[in-house]
Amino acid sequence: MKIIKTDDERYMFYCEGCKRNHAFNNAWQFNDDFDKPTVSPSLKVTMPYKGVDYICHSFIRNGEIQYLNDCHHELAAKVVPLKDEKDWDADF
Ligand SMILES: [Zn+2]
């Protein structure tokens with residue numbers, strides 16, 4: 001499974017760019033395929049980091065995560081397969 005459902009009714013996936021999990025709720029459209037997920041619209045995560053907003057912005061399509069140009073991590077503008085839950089190395 002590339003996406004899991006949490007106890008509080010959210011969905012969680014592992015982000016290789018941020019090396020941590022991100023979550024979204026049912027305000028997003030999810031095709032309910034936990035192995036080949038497609039989620040829309042795009043997912044934008046912002047976190048304050050050293051006085052600026054760190055951005056992670058992506059689309060999830062067909063089990064792949066497509067990072068947009070405005071990401072602040074090294075995978076910006078790249079497409080990578082989502083990691084299977086058993087290979088996640090974050091527990092938050
Ligand atoms: Zn991220």
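Trainee: How many bridges join strand β2 to β3, and do the two run parallel or antiparallel?

Mentor: This is a predicted model, in which local features need pLDDT of at least 70, side-chain atom pairs count only at pLDDT 80 or more, and totals for chains, interfaces and linings use all residues. Residues are numbered from 1 along each chain as its sequence is written, and side-chain values use heavy atoms, with hydrogens and water left out. Five bridges join β2, residues 11–15, to β3, and the two run antiparallel. Strands here are DSSP runs (E, at least two residues), numbered from the N terminus, and two of them pair if DSSP finds at least two bridges between them. Tyr14 has Asn21 in β3 as its bridge partner. The strands belong to an open sheet of three, in the order β1-β2-β3, with antiparallel pairing. Its edge strands, β1 (4–5) and β3 (20–24), each pair on one side only.

The zinc ion is coordinated by Cys15 (SG), Cys18 (SG), His22 (NE2) and Cys56 (SG) at 2.1 to 2.3 Å. Donors are N, O and S atoms within 2.8 Å of the metal (3.2 Å for Na, K and Ca); water is not among the atoms, so sites may look incomplete. Along the chain, the donors follow the spacing C-x2-C-x3-H-x33-C. His22 is buried, with a relative accessible area of 7%, and Cys18 also counts as buried, at 15%. Buried means under 20% relative accessible area, exposed over 50% and partly exposed in between (1.4 Å probe, protein chains only).

Definitions and conventions: Helix = DSSP H or I, 4+ residues; strand = E, 2+ residues; numbered from the N terminus.
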